[in-house]
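Opening the notebook on a new model today.

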Amino acid sequence: LFFHSTASEVGSYLARGATLSVQDEKGFIRSPDKSFTCGFLGDGSNAYWFAIWFTNSRDKTVVWMANRDRPVNGRGSKLSLRRNGAMVLTDIDGIVVWQTNPTSTDVSRAELLDSGNLVLKNFKGDMLWQSFDYPTDTLLPTQKFTKNKRLVSPLRKGSYESGYFNLYFDSDNALRLIYDGPEISSIYWPN
């Protein structure tokens, strides 16, 4: 069963087969306690990102982005929870810009938790994918920062695109901050 969801149908989850459109200004997923909101976020031009932000922040403080370096068009772009269990973001021309790779096709819904974690769950409530495994530039309480994860700074203040500073665990298990610029790359911290 495929249907186009509206804000009243979405609430705190997106059902399998449902779609959020970039043009639907009220099509959001909210955490049950309403601390976090997930949906399309625009920059005032024609660039939109699928993101999670603090609901009550004046400037929509973003805590996670799916398509950080590849915004979509403000017309015709959409996020779908497909029958194969993948959450897929497509641009106006239908090109896939971003998608999840769940380990199972048993996904029944996408849900935004009170922690700010966007998860894909099956009918039993088991988590099959989570945004916490793919941080952008922010860690939230209860979010684990482990060996295969990186925090990447924004390019500049007010920008969403990836910058040059990366925080990560190096191969020797030391936490490092590296400057990885267009011309040079060097450890910024620790000396």
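This is a predicted model: local features need pLDDT of at least 70, side-chain atom pairs count only at pLDDT 80 or more; totals for chains, interfaces and linings use all residues.

Started with Lys121, which I found in strand S12, residues 118–122.

Is Lys121 buried or exposed? I looked up its relative accessible area and got 14%; the cut-off for buried is under 20%, so Lys121 counts as buried.

Next, the contacts of Lys121, skipping neighbours within four places in sequence. The list has Asp106, Val107, Ser108, Arg109, Glu111, Leu113, Asp126, Met127 and Leu128.

On to strand S11, residues 107–112. Five of its six residues are buried, so S11 is largely enclosed by the rest of the structure.

Which strands does S11 pair with? With S12 I get five bridges, antiparallel, and Ala110 stands opposite Leu120 of S12. The two strands make a hairpin with five residues between them. I checked the turn too: Gly116 there has a positive phi of about 90°. Strand S1 (residues 13–15) also runs antiparallel to S11, joined by three bridges, and I see Tyr13 opposite Glu111.

Then I moved to another part of the chain and noted an open sheet of four strands, in the order S14-S15-S16-S17, with antiparallel pairing.

Last entry: S16 (residues 175–180) pairs with S17 over four antiparallel bridges, and Ile178 has Ile187 in S17 as its bridge partner.

Technical notes: Residues are numbered from 1 along each chain as its sequence is written. Side-chain values use heavy atoms; hydrogens and water are left out. Buried means under 20% relative accessible area, exposed over 50%, partly exposed in between (1.4 Å probe, protein chains only). Contact means heavy atoms within 4.5 Å. Two strands pair if DSSP finds at least two bridges between them.
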